[in-house]
Amino acid sequence: MERYAWKGRVKGDIAEYKRRHDEIWPEMKEVLHEAGITNYSIWNVGDELFGYYECINGVEFAAKVQANSPVIDRWNEYMDDILELEMEPNGAQKKLVEVFRFE
């Protein structure tokens with residue numbers, strides 16, 4: 001199992017961002033399950049977001065499933081007006097580097 005973390009920013013109202021996730025689509029949950037994503041949580045401080053999840057089949061597999069999903073494309077469109085992700089120049093989402101873990 002691999003861990004994955006991301007960061008982003010809410011553009012606008014954090015309550016609206018939270019509402020959209022409280023009403024996450026069943027088909028979105030199915031894609032995340034299919035991708036092997038578990039223990040997914042998103043945190044905020046002000047307008048900053050930090051997301052974390054675990055990939056039971058590895059990060060590369062999870063990324064491939066999500067990249068090939070029209071549901072993910074629709075979700076990204078739905079969230080575009082309220083979410084700004086930190087991206088690499090090549091269009092990939094920036095990966096955070098783990099610097100400490102205590103188990």
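Let's start with Glu34, which sits in helix 2. This is a predicted model, so keep that in mind throughout. Is Glu34 buried or exposed? It is exposed, and its relative accessible area is 53%. Leaving aside residues up to four places away in sequence, Glu34 touches Phe61 and Val65. There is also Ala62, 28 residues apart from Glu34 along the chain. The C-alpha atoms of those two are separated by 8.2 Å.

That brings us to helix 3, residues 59-67. Which residues are buried there? They are Val59, Ala62, Val65 and Gln66. Look down the axis of helix 3: its buried residues fall within an arc of 130°, so they line one face. Here is the general point. Residues three or four places apart in an α-helix point the same way, because there are 3.6 residues a turn. The face away from the buried side carries the exposed residues Glu60, Lys64 and Ala67.

What covers the buried residues of helix 3? The cover includes two helices, helix 2 (26-34) and helix 4 (70-79). It also includes strand 1 (2-10), strand 2 (37-45) and strand 3.

Next, the strands. Strand 2 and strand 3 pair in the antiparallel sense, over seven bridges. Take one example: Ile42 has Gly51 of strand 3 as its bridge partner. The two strands form a hairpin, with two residues between them. In the turn, Gly46 has a positive phi of about 60°.

Stay on strand 3, residues 48-55, and find Glu54. This residue is buried, yet it has no salt bridge. Which side chain of opposite charge is nearest? That is Arg3, 4.5 Å away. Glu54 does have a polar partner. Its side chain makes a polar contact with the side chain of Asn39, at 3.1 Å. Beyond residues up to four places away in sequence, Glu54 touches Met1, Glu2, Arg3, Gly36, Ile37, Thr38 and Asn39.

Now, the salt bridges. How many does a search of the whole structure find? It finds twelve.

Back to Arg3. Its side chain meets that of Glu103 in a salt bridge, 3.2 Å from N to O. This pair links distant parts of the chain, 100 residues apart: Arg3 is in strand 1, and Glu103 is in the segment after strand 4 (83-85). Arg3 is partly exposed, at 29% relative accessibility. Glu103 is exposed, at 71%.

Glu84 is partly exposed at 37% relative accessibility. Arg9 is partly exposed too, at 30%.

One last item, a network. Which residues does it link through salt bridges? They are Glu16, Arg19, Arg20, Glu23 and Asp81.

Technical notes:
Residues numbered from 1 in each chain as written. Predicted model: local features only at pLDDT ≥ 70, side-chain atom pairs only at ≥ 80, totals over all residues. Heavy atoms only, no water. Helix = DSSP H or I, 4+ residues; strand = E, 2+ residues; numbered from the N terminus. Buried < 20%, exposed > 50% of the residue type's maximum accessible area, 1.4 Å probe, protein only. Lys, Arg positive; Asp, Glu negative; His and termini not counted. Salt bridge = Lys/Arg side-chain N within 4 Å of Asp/Glu carboxyl O. Polar contact = N/O pair within 3.5 Å; in protein donor to acceptor, adjacent residues only side chain to side chain. Contact = heavy atoms within 4.5 Å. Arc of directions from axis to C-beta. Pairing = 2+ DSSP bridges.
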